[in-house]
Amino acid sequence: NDEVKELDLADIKNRLLKLKAQLERDIDMKEQQVAESGDDLVPERGGVGNHMADDANETAEQETMITLQRNTERELDQVNQALARLENGTYGKCANCGRPIPAARLEVRPYSVYDIACQELADRGKI
């Protein structure tokens, strides 16, 4: 548990809270952009173009914004889970094997759930 003691947990919590606020702002902005671009595709709102390629581009852009929004929501969920782990005393321990997550990894990605070996397993769908 030495790895966790080396971390400044107050600083990590501060960073996570700032990241959470930023992600929430990003989600709000993306939701607004998706709603506005959706208006472009509704004929009653005067938005459908005369050219099918224009319509396809609009649809592709909206799908990209929705994907970005979902990725941001997923990251926000990870941040919220890290804050919960800070509260319950399990922060800094790998959720798979229980070993300490290296402090350097948590400095770079403070919402890490796994140590590096278990993250590689997770990336390959093994956990």
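Colleague: How many disulfides does the structure hold?

Modeller: A disulfide is taken as a pair of cysteine sulfur atoms within 2.5 Å. In this predicted model, local features need pLDDT of at least 70, side-chain atom pairs count only at pLDDT 80 or more, and totals for chains, interfaces and linings use all residues. Residues are numbered from 1 along each chain as its sequence is written, and side-chain values use heavy atoms, without hydrogens and water. The number of disulfides in the structure is zero.

Colleague: Is Cys94 buried or exposed?

Modeller: Buried means under 20% relative accessible area, exposed over 50%, and partly exposed in between, with a 1.4 Å probe and protein chains only. Cys118 has 3% relative accessibility and counts as buried. With a relative accessible area of 5%, Cys94 is likewise buried.

Colleague: Which element of the protein chain has the highest mean pLDDT?

Modeller: The pLDDT is the predictor's confidence in each residue, from 0 to 100, and its mean over the protein chain is 85. Helices (H or I, at least four residues) and strands (E, at least two) are DSSP runs, numbered from the N terminus; the chain has five helices and zero strands. Helix H1 (residues 2-6) has the lowest mean, 51, whereas the highest, 96, belongs to helix H5 (residues 116-123).
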